Amino acid sequence: MGDRHTMPELMDENDVVDLLLRQHAMIRDLFAEVESAPPDARGEPFQRLVRLLAVHETAEEEVVHPYARRKLAGGDEVVDERLAEENAAKDMLTQIEKAGVDDPRFLANLDLLRTAVLAHARAEERYEFTHLRAETSQAERRAMAAGVKAAEALAPTHPHAGVETATANLLIGTPVAMADRIRDVVRKAMGKQS
Ligand SMILES: [Fe+2]
Ligand SMILES: [Fe+2]
């Protein structure tokens, strides 16, 4: 699997709901890819998973959730619940990243993270995206898809295959540092105060 397969900003969906559903499928596939990789080759797909989760969740937090909060009936409650799930997953991801792919509990912890992330994705699809699809115009969803892709395109890319893991970690940073950097460039690009 090369870079292009796990770079959400290169997807061609124009409706934000289609786009995010496809990214959820990509996240699901990448968990499976990390899990099935030989132990000594987990590092590279795991770094792609860290990046994918960081760019996906940050784009949702900067572009999609604020819109859902304003537009949907009961939007505040729905978005607060999703943000709590995203923060819990971010904490789990940080712990896993810190322990490293050689930690004896790596696969067990990865499985807990997958359960949490996929439950979160299902809750978004059921309680947020279904309503977004029903209560927004096609033009609004196209504009949001463009916003998500622009946000994701600003995220740092992971280093090319062949770069050592230590260097990869230096370039990418921790999941939280990465999410913060992405948020920062997205807010600057959107002309907001960070
Ligand atoms: Fe999310
Ligand atoms: Fe999501």
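Mentor: Start with the contacts (heavy atoms within 4.5 Å). In the protein chain, among contacts between residues at least 6 apart in sequence, 75% join residues at least 24 apart.

Next, the ground rules. This is a predicted model, where local features need pLDDT of at least 70, side-chain atom pairs count only at pLDDT 80 or more, and totals for chains, interfaces and linings use all residues. Residues are numbered from 1 along each chain as its sequence is written, chains are lettered from A and ligands numbered from 1 in the order in which they are written, and side-chain values use heavy atoms, with hydrogens and water left out.

Now confidence. pLDDT is the predictor's confidence in each residue, from 0 to 100. The protein chain averages 86, and 85% of the residues score at least 70. Residues 159-170 fall below 50, and this stretch has eight contacts in the model beyond near neighbours in sequence.

The fold is quickly described. The protein chain has seven helices and zero strands. Of the 194 residues, 48% count as buried. Buried means under 20% relative accessible area, exposed means over 50%, and partly exposed is in between, with a 1.4 Å probe and protein chains only.

Distant parts of the chain are linked: E57 sits in helix α2 (residues 43-71) and E124 in helix α4 (residues 106-135), 67 residues apart.

E86 has 3% relative accessibility and counts as buried.

Look at E86 in more detail. Its place is helix α3 (residues 75-99).

H65 is a partner of E86. It belongs to helix α2 and is buried, at 1% relative accessible area. The H65 side chain makes a polar contact with the E86 side chain at 2.8 Å. A polar contact is a pair of N or O atoms within 3.5 Å; within protein, one must be able to donate a hydrogen and the other to accept it, and residues adjacent in sequence count only if both atoms are side-chain atoms. Residues up to four places away aside, H65 touches E60, V79, R82, L83, E86, E124 and E128.

Now helix α2 itself. Its 29 residues should span 42 Å at 1.5 Å a residue, and its end C-alpha atoms are 40 Å apart, which agrees. The expected span is 1.5 Å times one less than the number of residues. Still, α2 bends by about 45° at E61. That bend is the angle between axes fitted to the seven residues ending there and the seven starting there. Since 24 of its 29 residues are buried, α2 is largely enclosed by the rest of the structure.

Helix α3 has 25 residues and reaches 36 Å from its first C-alpha to its last, close to the expected 36 Å. Its buried residues include V79, R82 and E86. Just after α3, G100 takes a positive phi of about 90°.

A151 lies in α5 and is buried, at 4% relative accessible area. A151 and V55 are 96 residues apart in sequence, yet 7.9 Å apart in space, C-alpha to C-alpha. Beyond residues up to four places away, A151 touches A59, V63, I182 and V186.

Finish at the loop between α4 and α5 (138-153), which holds T136. T136 is buried, at 9% relative accessible area. Its side chain reaches the backbone oxygen of L132 at 2.4 Å. Neighbours within four places aside, T136 contacts Y67 and R141.

Technical notes: Helix = DSSP H or I, 4+ residues; strand = E, 2+ residues; numbered from the N terminus.
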